[in-house]
Amino acid sequence: MRDQAIKSAIEAATWAPSVHNSQPWTFVVTGEEIGVRADADRKPREGEREALIGCGAALFNIRIVLRHSGWAPITRILPDPDRPNLLATVRLGEAVTPDESTRRLVDEIERRRTHRAGFTNLPIPDRLVETLVGQAAEEGGRLVPIADPRAARVLAALTQAAQAARAEDPEVRRWSRPPGSPRGDGVPADAYPAEPADTGFPQREYVWGIDTDQSVATATGVVAVMTTPTDSRQEWIATGQALQRILLHASVVGVSAAFHTQALEMPHLREFLREEVCAGAYPQMIMRLGVTFEETRGVRRPLSEVLD
Ligand SMILES: Cc1cc2nc3c(=O)[nH]c(=O)nc-3n(C[C@H](O)[C@H](O)[C@H](O)COP(=O)(O)O)c2cc1C
């Protein structure tokens, strides 16, 4: 039973979001402890910040699947200064009775998908946004809904500037997968429309895409930024955990997220955002939240490729 719980937890970890679906992680099992390691070969060009956010999201999945399997997870973040690529260890603690809310989150792990177009006009209740803010805080992340239209325009403008400056980004091409690709990583062609949606927030220009009817879903949704007070590796892992926690909570009620993190990859734009929009806190993720009825396919590498 314990072995099965560990295997399920690692399988679930692979379904975490990661920039370009680069899946910048490996997992190692020692006795009853799972180690989450950063895979240096898969580190994005921009450095390790985005990679660690993805690994933090994977760590969150491990924790809730272990709890769902009946064990309280005991987590240590960056446990060994001599092994900086070992981002976290999780071991099975005392037996717990899994509750209904944990089950609901676990059910969303594979179903959750990144959205890359407009949302329907269905509104997101303020209460849900408040809940997500609270859930992020539980993991040490600050989710800041951008209610001020002026601030939202600044964010959109910076995203446009970053996207224009990096229009033919080789990193984006590198992770774009053609239709029918058997690869278990990168962004599949059917995960985004061929014609970018007009939400004010441009998408990264992955190469292929599919034809979709975009006339029905044109809303931008709720714009939000996730921030941290400092900019350490610890905070990046915390951001990933907070991100995955809110994404799963949102997914339970049919709300999806679209990400627009281009500006955060350009240090001067990120610094501008920090000062002008985030009151000095460090922006880690930029997202839109909304309702979509589209379902896209997710791809991942098999366990055999990620387990050391
Ligand atoms: C740190 C980080 C940054 C991301 N930035 C973007 C982005 O700018 N644009 C985008 O479309 N998706 C972005 N994503 C989402 C990933 O592309 C997505 O998680 C990955 O392709 C896997 O697909 P899935 O989330 O549908 O499972 C980001 C994810 C992470 C963790």
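1. Start with the ligand: at least three residues of the shell around the ligand come from domain 1 (2-111 + 302-306), and at least three from domain 2 (126-291). Those bounds come from an automatic or database domain assignment. Bear in mind that this is a predicted model, where local features need pLDDT of at least 70, side-chain atom pairs count only at pLDDT 80 or more, and totals for chains, interfaces and linings use all residues. Residues are numbered from 1 along each chain as its sequence is written, and side-chain values use heavy atoms, with hydrogens and water left out.

2. Who is in the shell? There are 19 residues around the ligand, and T114, R116, R204, T261 and R300 come nearest (near means a heavy atom within 4 Å). By class, six are nonpolar, seven polar and six charged; Asp, Glu, Lys and Arg count as charged, Ala, Val, Leu, Ile, Met, Phe, Trp, Tyr, Cys and Pro as nonpolar, and the others, Gly among them, as polar.

3. Now the distances to ligand oxygen atoms. The side chain of R116 puts an N or O atom 2.7 Å from one. Backbone N or O atoms also take part: S18 has one at 3.2 Å, and a polar backbone atom of N21 lies 3.5 Å from a ligand oxygen. The protein covers 98% of the 620 Å² of accessible area that the ligand has on its own (Shrake-Rupley method, 1.4 Å probe).

4. As for the domains themselves, the centres of domain 1 and domain 2 are 22 Å apart, taken over C-alpha atoms. Their contact (heavy atoms within 4.5 Å) takes 32 residues from domain 1 and 37 residues from domain 2.

Note on methods. Polar contact = N/O pair within 3.5 Å; in protein donor to acceptor, adjacent residues only side chain to side chain.
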